[in-house]
Amino acid sequence: MNSPLLDTDRALLWHPYTSMVEPLPVFPVVSAYGVRLRLADGRELIDGMASWWCAIHGYNHPALNAAVSAQLCDMAHVMFGGLTHEPAVRLAQKLVDITPSALQTVFFADSGSVAVEVAIKMALQYWAAAGRPGKQKLLTVRGGYHGDTCGAMAVCDPVTGMHSLFRNVLPAHYFADKPGIRFGAPWQEKDIAALATLAENHHEDIAAVIIEPVVQGAGGMWFYSPEYLNRLREICDRYDLLLIFDEIATGFGRSGKLFACEHSRVAPDILCLGKALTGGYMTLAATLTSIQVAETISAGGQGVFMHGPTFMANPLACAVALASIKLLEQTDWQQRVKNIQNQLQTELARCRDLDNVTDVRVLGAIGVVEVAQPVDMHTVPHWFVEQGVWIRPFGSLIYVMPPYIINAEDLTRLTSAIYHVVGKLP
Ligand SMILES: *Cc1c(COP(=O)(O)O)cnc(C)c1O
């Protein structure tokens, strides 16, 4: 499709991870409602992506719209230095109530990457304040994704996170193999042996372990045994390492539990939330930590935590986040996610019969079909759009994580489109 809008887009706009010289196709959207995106040419697509994990209640939801409108009439934004407001306070209380009980304080930021930066800085400041300033490295696993800012990128998978390109600016951290035991498969101790050895050998200079619990998202859409987290907690306790869980993708029900760490028996010292926090309406993220970490930082040399974004605790975002969590609590989201999981398992199973498919895996409202070769992003998005669905592959991964409100019929259209498109791939 050609239009002045697209021409200007091509000329001026960067899109995520794209080239200005060889642009990938983009499709103009004019509106969205429920699980549907309406394109400028009138076509409607069933959304399989929930706008990257975010739109859990679907688009244009009356309750979320009302929350934004009501807050807008009071104030869109005020600075958070020296001022406070009800949406922030109520949301902080709600997050403390619904997350593991050890997490008792909340730092609001404006994106997931910044929430990760905040978590890392908390860990470093904690050990500095505790009189162990040598603990400045992080320990993590391969296959992770924690955001695109430099601090976050330094703990992303070294290959997909392009560590060689940014070698001179990224701090070098410790990487263990990615957790290898699948979700649901029997646990084997050797899966965490390499990480345990790194912790044993280097704990004097490690501040924290950072990991996405159970679901590795953008680093490979991999679901691993929650037993890994139980062991990881023991290792962290043994060697004085803080444990950071990045639940920016998994938070708010996506994996079948409200937070993915609930698949395990353990809680982190620091928790990062984002993405679905506002039901996909506004950009907002939060970093929660324990009273102990908070008080140690506050009693340390600086006496304060050294971070403060301009748009910290934006009232519109906090108001819609509260409404989104309320909506979740009012619906039987567990049953919905379970139904999506069952249907994805049943309907994606036939993809295993296709020659180019190397794996099919499903957890909660996430379905993944892995193929042998990276997908051509110049053609494949068009194929999905022709099927009437919005599915955006990534590398050799074709995956869906639809809004929880999707009905069985629309979900079948997503899984059929995947089967059809994968069948056409080399
Ligand atoms: C998306 C994501 C981030 C980064 O969030 P942004 O809002 O894109 O900065 C960090 N961690 C995980 C696990 C994510 O999925």
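In what order do the strands of the open sheet of four strands run? I started there and read off β1-β2-β3-β15, with mixed pairing.

**Ground rules.** I am working with a predicted model, where local features need pLDDT of at least 70, side-chain atom pairs count only at pLDDT 80 or more, and totals for chains, interfaces and linings use all residues. Residues are numbered from 1 along each chain as its sequence is written, and side-chain values use heavy atoms, with hydrogens and water left out.

**Entry 1: the four-stranded sheet.** I took helices (H or I, at least four residues) and strands (E, at least two) as DSSP runs, numbered from the N terminus. Two strands pair if DSSP finds at least two bridges between them. At the edges I found β1 (29-33) and β15 (389-390), each pairing on one side only. β1 runs antiparallel to β2 (residues 36-39), and four bridges connect them. Tyr33 has Arg36 of β2 as its bridge partner.

I then looked for a helix on this sheet. Helix α13 (residues 408-424) lies across β2, β3 (44-47) and β15, at about 90 degrees to β3. Contact here means heavy atoms within 4.5 Å. For angles, axes are lines fitted to C-alpha atoms (for helices, over the stretch in contact), and values run from 0 to 180 degrees between N-to-C directions.

**Entry 2: Arg36.** I stayed with this residue of strand β2. Its side chain makes a polar contact of 2.9 Å with that of Asp410. The term covers a pair of N or O atoms within 3.5 Å; within protein, one must be able to donate a hydrogen and the other to accept it, and residues adjacent in sequence count only if both atoms are side-chain atoms. Setting aside neighbours within four places in sequence, the contacts of Arg36 include Ser31, Glu44, Tyr59 and Arg413.

**Entry 3: the seven-stranded sheet.** My next stop was an open sheet with the order β4-β12-β11-β10-β7-β5-β6, again with mixed pairing. β4 (105-109) and β6 (174-176) have a single partner strand each, so one side of each is left without a neighbour in the sheet. From one strand to the next, the twist averages 20 degrees. Inside the sheet, β5 (residues 137-141) and β7 (residues 206-211) run parallel, joined by three bridges. Leu138 stands opposite Ala208 in β7.

Helix α5 (residues 112-129) lies across β4, β5, β7, β10 (242-246), β11 and β12, at about 25 degrees to β12. α4 lies across β4, β11 (270-273) and β12 (285-289), at about 125 degrees to β4.

**Entry 4: α4 against α10.** How do the axes of α4 (residues 86-98) and α10 (residues 315-330) cross? They come within 8 Å and cross at roughly 40 degrees. The two helices are therefore oblique to each other; angles under 35 degrees count as roughly parallel, over 145 as roughly antiparallel, 65 to 115 as roughly perpendicular and the rest as oblique. Among the contact residues I noted Arg90, Leu91 and Lys94 of α4, and Leu322, Ile325 and Glu329 of α10. The contact residues divide into eleven nonpolar, no polar and three charged. I counted Ala, Val, Leu, Ile, Met, Phe, Trp, Tyr, Cys and Pro as nonpolar, Asp, Glu, Lys and Arg as charged, and the others, Gly among them, as polar.

**Entry 5: α7 against α8.** Leu195, Ala196 and Ala199 in α7 meet Tyr228, Leu232 and Ile235 in α8. The residues of this contact are six nonpolar, no polar and no charged.
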